[in-house]
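Have the viewer open and follow along.

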Amino acid sequence: MVTPKDIELANRLADAAGEAIRPLFRGDWQVEHKDDHTAVTVADRAAEEAMRRIVEAERPTEGIIGEEFGSLREGALRQWVFDPIDGTQSFVAGRPIFGTLIALLQDGWPVLGVIDQPILGERWVGAIGEGTTFNGRPIRTRACGALAGASVATTSPHAFADEEVDAYLRVVAKAYPKRPYPVYGGDCYNYALLASGHLDLVMESGLKLHDYAALVPVVEGAGGMMADWQGHPLDAGSDGTVIALGDPARLEDVLEAMSGA
């Protein structure tokens with residue numbers, strides 16, 4: 001399903017995006033805001049354009065879904081999904097915890113994913129049947145024997161709707177019975193850290209396909225799992241709620257805590 005040529009192409013796409021982003025990091029440019037009020041910069045657009053040029057030249061029958069420039073060949077069985085800068089707010093603030101996300105979908109299922117941090121020179125690559133690597137070395141998530149004591153992360157609790165906040169806070173209360181102190185900020189970088197065994201649980205909602213598609217192969221290839229807030233696997237039709245677990249055995253505990261049971 002995923003070939004060595006696919007992985008090689010994904011790495012070259014990440015290289016091209018990084019070459020576009022690095023000269024602009026902490027640079028002098030204007031921040032714009034899209035219709036959905038999210039930030040966008042010249043770096044977002046330059047990075048996506050660089051990746052799209054390569055796919056259109058080398059994979060003319062495969063589709064493209066990009067955050068900044070939309071979809072091309074939507075009916076293709078294989079589709080490349082780009083989020084050139086996931087965590088634009090961090091990029092704007094000069095914080096190197098954003099990432100370029102690259103995914104390959106096969107029949108709507110994520111089968112290859114890249115999380116690339118071009119400033120720190122960190123890259124996670126996950127592929128179905130191939131495992132996940134960090135800068136070329138195999139990595140694994142860590143075991144988590146109970147929800148109590150788990151390290152929980154989310155980008156911002158302000159992204160949750162009212163009822164979602166309640167569900168999230170119930171999980172936090174279970175994970176931190178003595179002192180609620182979860183990890184905030186991080187966007188895609190949290191999932192990379194989870195894949196490397198530094199976090200146990202990430203919860204978010206309101207994500208779009210370009211936000212989560214690349215994360216699935218990276219997390220699951222490292223031994224973790226990703227699901228929506230009902231516990232279902234993530235694909236192109238998922239609702240944008242996301243649970244990432246380093247230890248899949250904790251899924252029922254998280255779902256139970258969310259429900260208030």
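Met51 counts as buried, at 0% relative accessibility. Keep in mind as you read that this is a predicted model. Met51 is found in helix α2, and if you skip its neighbours within four places in sequence, its contacts are Leu13, Ala17, Phe82, Pro84, Thr100 and Ile102.

Two of those names, Leu13 and Ala17, turn up again among the buried residues of α1. For a sense of scale, take Met51 and Ser196: they sit 145 residues apart along the chain, and their C-alpha atoms are separated by 26 Å.

## Helix α1

The buried residues of α1 are Asp6, Leu9, Ala10, Leu13, Ala14, Ala16, Ala17, Gly18, Ala20 and Ile21.

## Helix α4 and its buried face

Now jump to α4, residues 162-175. This helix has 14 residues and reaches 20 Å from its first C-alpha to its last, close to the 20 Å expected at 1.5 Å a residue. Buried in α4 are Glu164, Ala167, Tyr168, Val171, Val172 and Ala175. Look down the axis of α4 and its buried residues fall within an arc of 140°, so they line one face of the helix. The face turned away from that buried side carries the exposed residues Asp162 and Glu163.

What do the buried residues of α4 pack against? Their partners are β11 (152-154), β12 (183-184), β13 (201-204) and α8 (251-259).

## How α4 meets α8

α4 and α8 pack at an angle of about 120°, with their axes 7 Å apart. That angle makes α4 oblique to α8. As for handedness, α4 passes α8 in a right-handed crossing.

Down at residue level, Ala167, Arg170, Val171 and Lys174 are what α4 brings to the meeting, while α8 supplies Val254, Ala257, Met258 and Ser259. Ala167 and Val171 are also among the buried residues of α4.

## Leu201 in β13

Leu201 lies in strand β13, one of the elements that the buried residues of α4 pack against. Is Leu201 buried or exposed? At 1% relative accessibility, Leu201 counts as buried.

Its contact list, again leaving aside neighbours within four places in sequence, is Leu147, Ser151, Val152, Ala153, Val171, Leu194, Ile243, Ala244, Leu245 and Val254.

Ser196 has its place in the loop between α5 (188-195) and β13. Ser196 is buried, with a relative accessible area of 18%; the cut-off for buried is under 20%. Beyond its neighbours within four places in sequence, Ser196 is in contact with Trp124, Ile139 and Arg140.

Gly70 lies in strand β4, residues 70-72, and at 29% relative accessibility Gly70 counts as partly exposed. Setting aside neighbours within four places in sequence, the contacts of Gly70 are Glu48, Arg52, Ile64 and Ile65. Gly70 and Val81 are 11 residues apart in sequence and 9.9 Å apart in space, C-alpha to C-alpha.

## Two positive phi values

Finally, a couple of backbone angles to check. Arg26 has phi near 55°, a positive value in a residue other than glycine. Arg26 lies in the loop between α1 and β1 (32-33) and is exposed, with a relative accessible area of 61%.

Phi of Asp107 is also near 55°, again positive in a residue other than glycine. You'll find Asp107 in the loop between β6 and β7, where Asp107 counts as partly exposed at 48% relative accessibility.

Key
Residues are numbered from 1 along each chain as its sequence is written. This is a predicted model: local features need pLDDT of at least 70, side-chain atom pairs count only at pLDDT 80 or more; totals for chains, interfaces and linings use all residues. Side-chain values use heavy atoms; hydrogens and water are left out. Helices (H or I, at least four residues) and strands (E, at least two) are DSSP runs, numbered from the N terminus. The expected span of a helix is 1.5 Å times one less than its number of residues. Buried means under 20% relative accessible area, exposed over 50%, partly exposed in between (1.4 Å probe, protein chains only). The arc is that of the directions from the helix axis to the C-beta atoms. Contact means heavy atoms within 4.5 Å. Axes are lines fitted to C-alpha atoms, for helices over the stretch in contact, and angles run from 0 to 180 degrees between N-to-C directions. Angles under 35 degrees count as roughly parallel, over 145 as roughly antiparallel, 65 to 115 as roughly perpendicular and the rest as oblique. A crossing is left-handed if the near helix is turned anticlockwise from the far one by less than a right angle, and right-handed if clockwise.
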